[in-house]
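This report looks at charged side chains that pair up in one protein model. Please view the sequence and the structure first.

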Amino acid sequence: MDRYQKQILFHGVGEEGQKRLLKSRVTVIGCGALGSVIAQTLVRAGVGYLRIVDRDFVDLSNLQRQVLYDEQDVQQRLPKAVAAQSKLKQINSEIEIEAIVADVHCGNVLELVKDADLILDGTDNFEIRFLINDASIESSIPWIHAGCVGSHGQIMTILPGETACLRCLMPEIPDPGSSETCDTAGVLASAIQVVASLQVVDAIKYLTGQADQISRSLTIVDVWDGSLRKLDTSQLNQAKTCPCCSGNDRVWLRGDRGSHSTVLCGRNAVQFTPSTEMRLAFSELEKRLASQGSVRNNSFLLIFKPSSSDHELTIFQNGRAIISGTEDLVEARAIYTRYIGQ
């Protein structure tokens, strides 16, 4: 317990709280900007088991705000979950860290969270957040939502059966182009760190048995103008009109909603997921693509840059691919079909 002594001295944790943290299990979905700050802080705090789920690889543009990664990770094109696991084990070798390189979807989300005490949101899009919300309500596992753009962000802790859920607050996903994104407004690393730190504070409260200390509000913070606001969400829960937490309608978990192609925030790239999961043989694929451009791979992914275009395909073994150089979903699908098939 010596390494946690300063945390134990804090009245909100204490020795009993630290013991509870060491026995706790957390799933972090998304290990980019928010997720890397969350994961590092939880590991330093002594959360006993951490599962990191992320679909992406480390890119140079990530280093401005994603604190777990460095230039070597970029050069090796490591998946974020794998790179994060390696770094986190060096920070705290006494806890268990599981890395899962996967796209979260309706078919695997319950498996990814089933044995967790808490789910933390490190994602960058509303589709996955609505899916996490459905999974949280279905499994009665709390989750802590957050988002960050520009200099501001928001945090909301969802305790199934006790608080409003995300669909209480936001019945539908915002229309495309109706809200700011990292591509249009950018993002400050300091805003990320403040928002993620507030998530971790609520996580520690919950994991140490102090859920009653968690605010029943949506917290909105702006680091540029130094403001912090709280919007009470208790009336949303009391209204009992939410189709998810009151009506048991899990449209995202059932797979009735959600796309197989997603524009990646701040990357000028599209993720394409084939309708049927496969198991690619990189050696065979490399031979097939070699005549059409440059190909290289590691044990996690294959990178292909066609000689006839400015696009680049990063292909994972289950057939999922990230197509760089476009944000057009139709164009990305056509590029995938041209070189991979389907």
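Is Glu 15 buried, partly exposed or exposed? Glu 15 counts as partly exposed because its relative accessibility is 47%; buried means under 20% relative accessible area, exposed over 50%, and partly exposed in between (1.4 Å probe, protein chains only).

The model is predicted: local features need pLDDT of at least 70, side-chain atom pairs count only at pLDDT 80 or more, and totals for chains, interfaces and linings use all residues. Residues are numbered from 1 along each chain as its sequence is written, and side-chain values use heavy atoms, with hydrogens and water left out.

The structure holds 19 salt bridges, each a side-chain nitrogen of Lys or Arg within 4 Å of a carboxyl oxygen of Asp or Glu. The table lists some of them.

| Glu 15 | Lys 19 | 3.8 Å |

Asp 56 lies in the loop between strand S2 (49–54) and helix H4 (71–76), and Lys 80 in helix H5 (residues 80–91), 24 residues apart. Helices (H or I, at least four residues) and strands (E, at least two) are DSSP runs, numbered from the N terminus. Both Asp 56 and Lys 80 are buried.

Glu 15 and Lys 19 both sit in helix H2 (residues 14–22), four residues apart, about one turn of the helix. Lys 19 is partly exposed, at 38% relative accessible area.

Asp 115 is partly exposed at 30%, and Arg 25 is partly exposed at 26%.
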